[in-house]
Amino acid sequence: KASQRSSITIRVWNNDGLVGTTSTSDLSNGGVEKAFLGAYQASQFGNPNDIPDFSPLATSELPKLSKSLFGFKGIKKLLELLRKAEYELLNT
């Protein structure tokens with residue numbers, strides 16, 4: 001059996017430039033908010049001798065993207081496509 005699981009790692013910098021990180025697999029609004037709070041609290045223990053120096057591009061505005069998303073495909077459809085591709089590959 002397969003498991004689909006998503007997670008994120010959040011890195012924050014406090015006003016002193018100290019870094020804190022945390023990870024979460026709870027991607028709900030509340031889960032992400034808790035992760036940000038945890039990363040901020042961890043930043044209080046950051047290494048003051050290792051403060052990152054950012055490029056000016058790090059704070060510049062990002063370009064607007066207009067990329068359409070693909071529709072959801074179930075695992076059965078994906079498995080069928082994989083089997084078909086494997087069959088065609090083996091028979092060439």
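Predicted model: local features only at pLDDT ≥ 70, side-chain atom pairs only at ≥ 80, totals over all residues.
Leucine 81 lies in helix α2, and with a relative accessible area of 41% this leucine is partly exposed.

- Leucine 81 contributes, together with Ile75 and Leu78, to a nonpolar surface patch of about 290 Å².
- Lysine 77 is partly exposed, its relative accessible area being 39%, and this lysine forms a salt bridge with glutamate 80 in which the closest N and O atoms are 3.9 Å apart.
- That pair counts as a salt bridge because the rule asks for a side-chain nitrogen of Lys or Arg within 4 Å of a carboxyl oxygen of Asp or Glu, and the count for the model comes to one salt bridge.
- Lysine 77 and glutamate 80 are three residues apart in helix α2, which spans residues 75-90, and so about one helical turn separates them.

**The hairpin of β1 and β2**

- Strand β1, covering residues 8-13, pairs with strand β2, covering residues 19-24, in the antiparallel sense, and the pairing runs over six bridges.
- The two strands form a hairpin that leaves five residues between them, and in the turn glycine 17 has a positive phi of about 85°.
- Within this pairing, isoleucine 8 stands opposite threonine 24 in β2.
- As a general point, side chains in a regular strand alternate between the two faces of the sheet.

- The side chain of threonine 24 reaches the backbone nitrogen of aspartate 26 at 3.0 Å.
- When residues up to four places away in sequence are not counted, threonine 24 touches Ser7, Ile8, Gly31 and Ala35.
- Serine 43 lies in helix α1, which is made of residues 29-43, and serine 43 is buried with a relative accessible area of 0%.
- The side chain of serine 43 makes a polar contact, at 3.3 Å, with the side chain of asparagine 14.
- Leaving aside residues up to four places away in sequence, serine 43 touches Val12, Asn14, Leu18, Val19 and Gly20.

- Serine 25 sits in the loop between β2 and α1, where serine 25 is partly exposed at a relative accessible area of 37%.
- Serine 25 touches Arg5, Ser6 and Ser7, again not counting residues up to four places away in sequence.
- Arginine 5, one of the residues that serine 25 touches, lies in the segment before β1 and counts as exposed, with 68% relative accessibility.

**Separations in sequence and in space**

- Between serine 25 and lysine 67 there are 25 Å in space, from C-alpha to C-alpha, and these two residues are 42 residues apart in sequence.
- Arginine 5 and glutamine 44 are 39 residues apart in sequence, and their C-alpha to C-alpha separation in space is 30 Å.

Key. Residues numbered from 1 in each chain as written. Heavy atoms only, no water. Helix = DSSP H or I, 4+ residues; strand = E, 2+ residues; numbered from the N terminus. Buried < 20%, exposed > 50% of the residue type's maximum accessible area, 1.4 Å probe, protein only. Pairing = 2+ DSSP bridges. Patch = residues over 30% accessible without salt bridge, like charges linked within 9 Å, V, L, I, M, F, W, Y side chains within 5 Å. Areas by Shrake-Rupley, 256 points an atom, 1.4 Å probe, with all protein chains shown as cover. Polar contact = N/O pair within 3.5 Å; in protein donor to acceptor, adjacent residues only side chain to side chain. Contact = heavy atoms within 4.5 Å.
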